[in-house]
Amino acid sequence: MTEEEILRVYQQAHERMRASLFRRDLEPLREVVRQSVTDEDIRAYYDAYPEAVQVPARVTFDYVGLSTEELRQTLPVTEEEIADYHASHPEEFQGEDDAPKPLEEVREAVREQLLSQRISRRLVELAIECEEALSANASLEAIAERTQVAIRTAGPLPVGSLGGTDGPESSVLNEAFSLQEGQTSRVVETDHGVYVVRVSRREPMRIPPLEEVRPTVVERLVAQKARDAAKAGANSLRT
């Protein structure tokens, strides 16, 4: 037998494991704790942990802009245009034998090529139009009218947040967070779109009055007391 085989046999014959588990459902304990919480307890917790209920600084802003995904859904590409592009650019769709591939094989590639070109062109045009409008001190409403792009509103959003999948991208948010109320941004060009932002409202960080956040304070206090009680119970079992 090898040393490894001897060790494995020894382990199987002699090694053991012992475990114990104490589990307590905190929900019934929370209900008991809830009955014992007083107004003084609530006030003391509110005073001791203001960060638990503070409302972060928030920004609401309007913006004009288009994303590549929006343009992808709206810019048309006809079958005739696909056929014309394929016929006039055979070198872009060659096979291994250097012969142009038939249209049926590369139709989607041709469509994507045309669409990408049109998206890039539209975004460049939009950036130029916005730059010219801003140079003339045009309002956001005037920019929207000139570019034929609707004004959209986002927020209120916590300063520093990343936003959501359906909202403006992070570069637009960062620009909005850097502006003062009423201020309009430069043209924001990203890998995914072109935008102009105007902050309509900034709300500073604040600590709401106790009565406004009383339910939140109570829930946090009850949860803390329940955890402390459960921990004390577990320690008493150990001893």
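## The sheet and what packs around it

Four strands, in the order β2-β1-β4-β3, make up an open sheet with antiparallel pairing. This is a predicted model, in which local features need pLDDT of at least 70 and side-chain atom pairs count only at pLDDT 80 or more, while totals for chains, interfaces and linings use all residues. Residues are numbered from 1 along each chain as its sequence is written, and side-chain values use heavy atoms, with hydrogens and water left out.

A quick word on terms: strands (E, at least two residues) and helices (H or I, at least four) are DSSP runs numbered from the N terminus, and two strands pair if DSSP finds at least two bridges between them.

At the edges of the sheet sit β2 (152–158) and β3 (184–190), each pairing on one side only. From one strand to the next, the twist averages 30 degrees; angles here run from 0 to 180 degrees between N-to-C directions, and axes are lines fitted to C-alpha atoms, for helices over the stretch in contact.

How many bridges join β3 to β4? There are 5, and β4 covers residues 193–203. The two strands form a hairpin with 2 residues between them. Here are two of the bridge partners:

| Residue | Bridge partner in β4 |
|---|---|
| Val 187 | Val 196 |
| Thr 184 | Arg 198 |

Helices come in too. Helix α8 (residues 170–178) lies across β1, β2, β3 and β4, running at about 40 degrees to β4. Over in β2, where Pro 156 has its place, a cis peptide bond joins Gly 155 and Pro 156, with omega of about 5 degrees.

Helix α6 (residues 103–135) packs with helix α7 (residues 140–147) at an angle of about 140 degrees, and their axes are 10 Å apart. On the α6 side, Arg 122, Leu 126, Glu 129, Cys 130, Glu 132, Ala 133 and Leu 134 meet Ile 143, Arg 146 and Thr 147 of α7; contact means heavy atoms within 4.5 Å. Those residues divide into 5 nonpolar, 1 polar and 4 charged. In this scheme Ala, Val, Leu, Ile, Met, Phe, Trp, Tyr, Cys and Pro are nonpolar, Asp, Glu, Lys and Arg are charged, and the others, Gly among them, are polar.

The loop between α6 and α7 holds Asn 137. Its phi is near 60 degrees, a positive value in a residue other than glycine. Most residues other than glycine have a negative phi, and most peptide bonds are trans.

## The largest pocket

Which residues line the largest pocket? They are Tyr 63, Ser 67, Glu 70, Arg 152, Asp 166, Gly 167, Pro 168, Glu 169, His 192 and Tyr 195. A pocket is an open set of points on a 1 Å grid over the protein atoms alone where a 1.4 Å probe fits, with protein on both sides within 12 Å along at least five of seven lines, and lining residues have an atom within 4 Å of a point. The lining divides into 3 nonpolar, 3 polar and 4 charged residues.
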